[in-house]
Amino acid sequence: MTQFAEEMYDEVIDEIAPLFEQHWEEIALNKDKIKLSPDLSKYKALNDLGILRIFTARNEGLLVGYFVVIAQPHLHYQEHTFAMNDIIYIHPDYRGSTVAYRMIKYVEKVLKKDGVSVLMINMKVFAPFDNLLEKLQFTNTERVHSKYIGD
């Protein structure tokens, strides 16, 4: 049975780091120009400020998914805490099951209890999970366009 928890940065980052690579291989654009290089010191700093939240999905202790959010009062709506996802990942062996659904429900419950008003989740358009978010009553609210302009 898959278990969900909020875990502390120092306790889980070494387990998450290898999955970052697999996740990057699946979804990154411009891989030939932009290499994976997570700034773990900034993640640590955000953790130390109390705004980085890391949620995990484990099957028999094995990390099979993670959902990382930055939760802080919004710049436009300072009375409301928004939790914006940094990254969400479910190992391919666990997709098509209820793991993602249950993990998001767990995250919602914990964040709501902690006073978060809005949970925002973004996704790559070529790796969509809109149907799942619609089942969870999320609303598609924004579009983001990107263009590589480096050398």
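With 151 residues, the protein chain in this predicted model has a radius of gyration of 16 Å, which agrees with the value near 15 Å that a compact globule would have. Here the radius is taken over C-alpha atoms, and the globule rule is 2.2 Å times the number of residues to the power 0.38. Taken along the principal axes, the C-alpha atoms fill a box of roughly 45 × 40 × 35 Å. Before going further, a few ground rules: residues are numbered from 1 along each chain as its sequence is written, and side-chain values use heavy atoms, with hydrogens and water left out. Because the model is predicted, local features need pLDDT of at least 70 and side-chain atom pairs count only at pLDDT 80 or more, while totals for chains, interfaces and linings use all residues.

As for the surface, the accessible area of the protein chain comes to about 10100 Å², worked out by the Shrake-Rupley method with a 1.4 Å probe, where for residues only the protein chains shown count as cover. Carbon and sulfur atoms own 52% of that surface. Of the 151 residues, 36% count as buried; buried means under 20% relative accessible area, exposed means over 50%, and partly exposed is in between (1.4 Å probe, protein chains only). Among contacts with a separation of 6 or more, 61% link residues 24 or more positions apart, a contact being heavy atoms within 4.5 Å.

The secondary structure comes to 4 helices and 5 strands. These are DSSP runs, numbered from the N terminus: helices are H or I with at least four residues, and strands are E with at least two. Along the sequence, the pattern reads β-α-α-β-β-β-α-β-α. Strand β4 (residues 81-90) and strand β5 (residues 116-120) run parallel and are joined by 4 bridges; two strands pair if DSSP finds at least two bridges between them. Across this pairing, A83 stands opposite L119 in β5.

Over in strand β1 (residues 2-7) sits E7, which counts as buried because its relative accessibility is 14%. Setting aside neighbours within four places in sequence, E7 touches V12, I54, T56 and R58.

Two loop residues have a positive phi. N30 has a phi of about 55 degrees although it is not a glycine, and lies in the loop between α1 (9-27) and α2 (40-48). E60, also not a glycine, has a phi of about 50 degrees and is found in the loop between β2 (52-59) and β3 (62-73). N30 is partly exposed, with a relative accessible area of 30%, whereas E60 counts as exposed at 78%.

Finally, helix α2 holds A45, which is partly exposed at 39% relative accessibility. The C-alpha atoms of A45 and E11 are separated by 15 Å, with the two residues 34 apart along the chain.
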